[in-house]
Amino acid sequence: MSELPDETSDPARMCEEARGLAESGAAGQAALLFEKVLAMGETPCRAQAALGLAVVLDDAGEVERAREADQVAIATADPEYGPRAAYHLALTHERAGEPADAAPAWGAVVDFGNPAYLPPAHLALARIADDAGDFDTARDHWEAAVGTGDAEYGPLAAHDLAQRLLERADPARAQRILTAGLRLIDREAAPYAYARLAVALGISYLDQAIGAFGAALAEEPSDPEAGPLATELLARTLPLRGRGAEAGEVWRRGLADPGIAPQVRARLRRDFGEEDGEADLWWEPVVEQAVSDGTLPALAGEAFGALDHMYALLAVRYAERRGDEAHEVLGGAVRVPSGYPWGPLLHESFAERLRLAMGTTVANWPEG
């Protein structure tokens with residue numbers, strides 16, 4: 001072990017030697033050397049030595065002593081090592097799950113005003129305030145983080161703030177903050193970060209559109225020209241934001257309004273296909289109700305399940321090849337699905353189940 005320098009040694013050289021010792025794994029010697037610099041009093045290297053000691057002690061698991069050393073560095077008001085020490089102190093509290101204790105340390109970082117450390121400090125303070133339910137303070141720090149122009153922390157702050165603004169029904173402000181966040185990102189260098197904000201921006205426009213469509217329907221009776229269109233647009237947009245139940249209510253209100261009900265029903269049924277002149281089909285009201293309630297996928301699942309069950313009952317008898325008139329009728333029945341895009345899938349599914357059950361294949365199914 002090399003002999004430690006005495007009090008006449010140069011503190012700057014001692015700090016450099018201590019850092020070298022720490023990097024080479026001689027943490028104990030490094031700590032002693034940093035402490036020796038601190039013992040020399042108010043030298044220009046006091047903040048550097050205190051921070052170095054804090055890092056070494058923290059790595060060794062002596063967190064409380066490390067925090068004391070950080071406080072020494074902060075007290076020097078050194079413009080470089082002071083904010084770095086406050087940053088390190090804040091991280092020790094964050095790591096321990098102590099946001100209330102981390103907040104003053106992050107505040108010290110902000111007070112130093114060193115631009116290199118402001119973005120993470122503002123973001124951390126915003127999240128601490130947000131968790132505490134203090135939206136106004138959180139908003140100020142999120143906006144400050146975006147305002148630093150930092151490409152790493154600015155977009156994160158923009159996303160966090162935009163989420164809260166959307167929850168508070170303020171999509172216009174969310175759009176402004178997201179647009180500012182997007183300008184900070186190099187799309188080629190950080191495509192996922194860009195995509196994350198771009199999706200949030202799109203959501204903000206959806207929310208703004210929902211508000212506009214709702215406003216168009218606020219008056220009763222609804223405008224006979226704009227009302228049907230606004231009803232459809234609102235009802236079809238709400239599910240995109242997870243508000244399917246509200247969409248059903250929008251359809252119901254439109255269908256109950258005698259001034260616009262025919263046009264609303266026509267828009268509701270726009271995907272039913274061309275009118276073929278037949279009498280009203282019994283299932284169309286069921287489908288219409290499912291569209292307005294947002295339950296069409298569930299209805300389709302029920303219908304296919306019932307069809308699969310009925311088809312299996314018919315097809316088993318057809319596979320017996322009895323050769324009588326009833327067999328021909330069954331053959332016609334099992335061929336019905338063939339003309340639909342999903343028909344071959346139904347045939348294949350049944351043929352495979354029959355093979356597994358009987359150990360034999362059905363030749364040329366369902367034409368055989």
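The structure is a predicted model, in which local features need pLDDT of at least 70, side-chain atom pairs count only at pLDDT 80 or more, and totals for chains, interfaces and linings use all residues. Residues are numbered from 1 along each chain as its sequence is written, and side-chain values use heavy atoms, with hydrogens and water left out.

Helices are DSSP runs (H or I, at least four residues) numbered from the N terminus. Helix α16 covers residues 296–319, 24 residues in total, and spans 33 Å between its first and last C-alpha. This is close to the 34 Å expected at 1.5 Å a residue, where the expected span is 1.5 Å times one less than the number of residues. Tyr311, Ala312, Ala315 and Tyr318 are the buried residues of α16; buried means under 20% relative accessible area, exposed over 50%, and partly exposed in between, with a 1.4 Å probe and protein chains only. These buried residues pack against α17 (325–335) and α18 (343–358), contact being heavy atoms within 4.5 Å.

On a 1 Å grid over the protein atoms alone, a pocket is an open set of points, where a 1.4 Å probe fits, with protein on both sides within 12 Å along at least five of seven lines; lining residues have an atom within 4 Å of a point. The largest pocket holds about 990 Å³ of space, a volume being the space filled by probe spheres set on the grid points, which are joined across faces, edges and corners. Its lining has 25 residues, and Trp283, Ala303, Leu307, Tyr340 and Trp342 lie nearest the centre. By class, the lining of the largest pocket has 22 nonpolar, no polar and three charged residues. Here Ala, Val, Leu, Ile, Met, Phe, Trp, Tyr, Cys and Pro count as nonpolar, Asp, Glu, Lys and Arg as charged, and the others, Gly among them, as polar.

The second largest pocket holds about 310 Å³ of space. Of its 14 lining residues, Arg19, Phe34, Leu51, Gly52 and Val55 are the closest to the centre. At least two lining residues come from each of α1 (11–23), α2 (27–39), α3 (46–59) and α5 (81–95), with the largest share, six residues, from α3. The lining of the second largest pocket comprises seven nonpolar, two polar and five charged residues.

Side chains of opposite charge can pair when their charged atoms come close. A salt bridge is a side-chain nitrogen of Lys or Arg within 4 Å of a carboxyl oxygen of Asp or Glu, and the count by this rule is 25. One of them joins Glu16 and Arg19, with 2.9 Å from N to O. Glu16 and Arg19 are three residues apart in helix α1, so about one helical turn separates them. Glu16 is partly exposed at 41%, as is Arg19 at 44% relative accessibility.

Another salt bridge joins Arg267 and Glu232 at 2.8 Å, N to O. Arg267 lies in α14 (residues 261–268) and Glu232 in α12 (residues 226–237), so the pair ties together parts 35 residues apart in sequence. Arg267 is partly exposed at 24% relative accessibility, whereas Glu232 is buried at 6%. Glu232 and Arg267 also belong to a salt-bridge network with Arg236 and Arg270.
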